[in-house]
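Please look over the sequence and the fold before reading on.

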Amino acid sequence: MGVVNVTPDSFSDGGRWFDTTAAVKHGLHLVAEGADLVDVGGESTRPGASRVDEAEELRRVVPVVRGLASEGVTVSVDTMRARVAEQAVAAGAALVNDVSGGLADPDMIRAVAAAEVPFVVMHWRGFSESMNSRAVYGDVVAEVLDELRQRMDAVIAAGVAPERVVIDPGLGFAKDAAHDLALVAHLAELHALGRPLLVAASRKRFLGHVLAGPGASPPPARERDAATAAVSALSAQAGAWAVRVHEVRATADAVRVARAVEGAA
């Protein structure tokens, strides 16, 4: 899953693809590099980010979804708003990726159920402004698994078909570096939920902390792609359905090697 951020303030590449034409071109480039689907988002969810209004999110996202879908690209829309999801699906999106798992907008689950598209349910404890304060766990793997199960059950009870649910442990969302590393180490345990697993580690803070070492400043987000590819290979080994990444080629190569090693075992 290649990422197209149609935002001026993404932590990773804010502003680079803010123009519709540039965003569509970038999405096509990601496909050429090996992306199977392209995730289009118009609202930054970096820690501390403020929300954009619905009209602005629609203005950013829908033309890019339409442009990519018209080129035959499989598109997912990264949104927490039901109306954005509805209009993106109408424009050609094939999947809804909601980092709140349907908690941010009470109409989201109804909209996804009616659209009959796959729905990514991510582990989420609150909006970006406050999520760092919610990074408190006794056993992060057990608690994330339990909270994801509860959210998945609620989504299904509200009308989303079980076979359309994808789960995401929410790396970096209400989690510190130690929590993220523990979840990566135990990805295989999430298969207990019985649904496809999406892993979104790309360029995140915990990778910067690993690369910097104790007490040092993390490298900029765009210098974390090799580290991202390492997590992608580990995710493939753990049976992930997809990995969400900003730079596709390194991850595609890493996953290809992981699969070849599995095949030789």
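Predicted model: local features only at pLDDT ≥ 70, side-chain atom pairs only at ≥ 80, totals over all residues.

Residues are numbered from 1 along each chain as its sequence is written, and side-chain values use heavy atoms, with hydrogens and water left out.

**Strands**

Helices (H or I, at least four residues) and strands (E, at least two) are DSSP runs, numbered from the N terminus. Two strands pair if DSSP finds at least two bridges between them.

| Pair | Bridges | Opposite residues |
|---|---|---|
| β1 (residues 2-5) and β2 | four, parallel | Val4 and Val40 |
| β2 and β3 (residues 75-78) | four, parallel | Val40 and Val77 |
| β3 and β4 (residues 95-98) | three, parallel | Val77 and Val96 |

Gly41 also has a bridge partner in β3, namely Asp78. From β3 the chain passes through helix α3 (residues 82-90) to β4, and this β-α-β crossover is right-handed. Right-handed means that, with the strands pointing away from the viewer, the path from the first strand over the helix to the second runs clockwise.

Buried means under 20% relative accessible area, exposed over 50%, and partly exposed in between (1.4 Å probe, protein chains only). In a regular strand the side chains alternate between the two faces of the sheet. In β1, Gly2 and Val4 lie on one side, Val3 and Asn5 on the other, and all are buried. Strand β2 (residues 38-41) points Val38 and Val40 one way and Asp39 and Gly41 the other; all are buried. In β3, Val75 and Val77 point one way, Ser76 and Asp78 the other way, and all are buried.

**Core**

A nonpolar core is a set of buried Ala, Val, Leu, Ile, Met, Phe, Trp, Tyr and Cys residues joined through side-chain atoms within 4.5 Å. The largest one has 62 residues. Those with the most contacts inside it are Val40, Val65, Leu68, Val96 and Phe119. Helix α5 (residues 140-157) gives the largest share of this core, seven residues. Apart from it lies another core, of seven residues, among them Met1, Leu37, Val120 and Ala242.

What does Leu68 touch, not counting residues up to four places away in sequence? Its contacts (heavy atoms within 4.5 Å) are Val24, Gly27, Leu28, Val38, Val40, Val73 and Val75. In soluble globular proteins, nonpolar side chains tend to be buried together.

**Backbone**

Ala174 has a phi near 55 degrees, a positive value in a residue other than glycine. Ala174 is in the loop between β6 (165-168) and α6 (177-185). Is Ala174 buried or exposed? At 1% relative accessibility, Ala174 counts as buried.

Arg203 also has a positive phi, near 60 degrees. Arg203 sits in the loop between β7 (198-199) and α7 (205-212). With a relative accessible area of 6%, Arg203 is buried.
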